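Dear colleague,

Please find below the structure that I am handing over to you.

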Amino acid sequence: MKVIKTENYEEMSLQAAAIIAQLVKDKPDCVLGLATGSTPIGAYKELIRKHREEGLDFSKVQSVNLDEYAGLSPENEQSYRYFMRSNLFDAINIVPENTHVPCGLAEDLDAECLRYEELIAALGGTDIQVLGIGRNGHIGFNEPAEEFIVSTHVTGLDESTIDANKRFFASEDEVPRRALTMGIGAIMSAKTVLLLASGSDKAQAIKDTVTGEVTPRVQASILRFHPNVIVIADKAALSLI
Ligand code: GLP
């Protein structure tokens, strides 16, 4: 694991965007694995700036997102599809048909997970997988558990995740209790993993990930077995190491 320490969120975002932009330039038809949450928003803003001001071209890029809430339509402002459109896709020249997010409204969620898994395989996996991290060490919505789940699956959300994510909803009751998430297999098959973290509330999760034992109780710790992980974290997120 390569750990890059930055002064603050802005610097973390710029460094992350620089790595993603370089990949897009080197391999215009790359597959980007993307994440939601507040952490990557700054990097997405910088990618939008690079598109507008420097002509960074996403016209051949494919994207696959990590996860989606079960039961939310793509038009729901809290859905991750909506998040991706408003924070990145609508502001760059990526082709909408080339952007992939699990469908939270699928009648048969297990079938949707299978479709998504096959889609990732058909794309040849991701060239880079952007990750945030939950306070409990989750990646995507792979919550602390007794095992690592390899494939895309439906999962229940941890109490701490519901608590952390309620800030985006009108009330805690409105936070969906289930989600579809890429499993550990697709994340681990990314050619490069870019794990971003900012703020002291991520410090314990980052410490456990980078220095603790590899355990499904801290799902991000599995990344220690990946040959090419770049952690970009600010001082506050690295304060316990
Ligand atoms: C969410 C997402 C994760 C994200 C994490 C951290 O629940 N499923 O993909 O990395 O929680 O979110 P944030 O970046 O807002 O702290």
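**Lining of the largest pocket**

The residues that line the largest pocket divide into 13 nonpolar, 15 polar and six charged; here Ala, Val, Leu, Ile, Met, Phe, Trp, Tyr, Cys and Pro count as nonpolar, Asp, Glu, Lys and Arg as charged, and the others, Gly among them, as polar. Please note that this is a predicted model, in which local features need pLDDT of at least 70 and side-chain atom pairs count only at pLDDT 80 or more, while totals for chains, interfaces and linings use all residues. Residues are numbered from 1 along each chain as its sequence is written, and side-chain values use heavy atoms, with hydrogens and water left out.

The volume of the largest pocket is about 610 Å³. Of its 34 lining residues, Thr36, Gly37, Ser38, Asn165 and Arg167 are the closest to the centre. A pocket is an open set of points on a 1 Å grid over the protein atoms alone, where a 1.4 Å probe fits, with protein on both sides within 12 Å along at least five of seven lines; lining residues have an atom within 4 Å of a point. Grid points are joined across faces, edges and corners, and the volume is the space filled by probe spheres set on the points.

Strand 4 (67-69), helix 3 (80-87) and helix 5 (159-165) each supply at least two lining residues, and the largest share, four residues, comes from helix 5. Helices (H or I, at least four residues) and strands (E, at least two) are DSSP runs, numbered from the N terminus.

**Aromatic pairs**

There are four aromatic pairs, that is, rings of Phe, Tyr and Trp (its six-membered ring) with centres within 6.5 Å; planes under 30 degrees apart count as stacked, over 60 as edge-to-face and the rest as tilted. The ring centres of tyrosine 69 and tyrosine 80 are 4.8 Å apart and their planes stand at 45 degrees, so this pair is tilted. Tyrosine 69 belongs to strand 4 and tyrosine 80 to helix 3, 11 residues apart. Both are buried, meaning under 20% relative accessible area, with exposed over 50% and partly exposed in between (1.4 Å probe, protein chains only).

Tyrosine 69 also forms an edge-to-face pair with phenylalanine 169, at 5.6 Å centre to centre and 80 degrees between the planes. Phenylalanine 169 lies in the loop between helix 5 and strand 8 (178-181), so the pair ties together parts that are 100 residues apart in sequence. Ring pairs link Tyr69, Tyr80, Phe141 and Phe169 into a cluster.

Yours sincerely
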